[in-house]
Amino acid sequence: MPPRRAAAPRPAATPLTPPPAPTDPEPTRARASAAPDAAPETAPTAPRTAVPQPRPTDLFADRLLAVLSGQRPVHWMLRHTAGRAYDDLIRLAERSPLRTRGSRPRVHDIGYYVPRDGALEVFARIAAGERLRALAFRLELGQDLRWRCTAVETGPQQP
């Protein structure tokens, strides 16, 4: 019988890449000796970590900023609003209160208050050029477990 060579060390498999193929020089003999009822070997995988989901306050602040700065049309928020919020958003978007010249406005800071379970009252400071502007909105959790904006306001109208 010829001497067997040692297999080269294999790189560790990651959860995103398949494990390397076996380097057994005699794969048919190894398979033939295995019992037909034996379960196939599986490579151990590292535990997957959950991808952090954005908070609804952050998500809605970004969405509302996109509409109120003119980057997105108002109807983009139609399925994310409930009650009078869509009408308020149409009225506010006509003025484009968060539109700036030069740099794009961005969310500077967010805070919120929980008046009851399933409701959030959120305020956001929007950095628009050299100024900070205010954005306030209310989120309510629907029966389908989706957050919807039910009210939206911006700071006083600029002269």
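**Exercise 1.** In this predicted model, determine in which sense strands β1 and β2 pair and over how many bridges.

*Solution.* Step 1: take β1 as residues 106-116 and β2 as residues 119-128. Step 2: the two strands run antiparallel and are joined over eight bridges. Step 4: at the hairpin, two residues lie between β1 and β2, and G118 has a positive phi near 85 degrees.

**Exercise 2.** Find the sense of pairing between β2 and β3, and describe the turn that links them.

*Solution.* Step 1: β3 covers residues 131-141 and pairs with β2 in the antiparallel sense, over ten bridges. Step 2: R125 has A134 in β3 as its bridge partner, and A119 stands opposite E140 in β3. Step 3: the hairpin of β2 and β3 also has two residues between its strands. In this turn, G129 takes a positive phi of about 70 degrees.

**Exercise 3.** Give the strand order of the sheet, name its edge strands, and state which helix packs on the sheet.

*Solution.* Step 1: the open sheet has four strands in the order β1-β2-β3-β4, with antiparallel pairing. Step 2: β1 and β4 (147-154) are the edge strands, each pairing on one side only. Step 3: with direction ignored, neighbouring strands are turned by 25 degrees against each other on average. Step 4: helix α2 (residues 56-68) packs on the sheet and touches β1, β2, β3 and β4. The direction of α2 makes about 125 degrees with that of β3.

**Exercise 4.** Explain why β2 counts as largely enclosed by the rest of the structure.

*Solution.* Step 1: a residue is buried under 20% relative accessible area. Step 2: seven of the ten residues of β2 are buried, so the strand is largely enclosed.

Notes:
Residues numbered from 1 in each chain as written. Predicted model: local features only at pLDDT ≥ 70, side-chain atom pairs only at ≥ 80, totals over all residues. Heavy atoms only, no water. Buried < 20%, exposed > 50% of the residue type's maximum accessible area, 1.4 Å probe, protein only. Pairing = 2+ DSSP bridges. Axes fitted to C-alpha atoms, helices over the stretch in contact; angles between N-to-C directions. Contact = heavy atoms within 4.5 Å.
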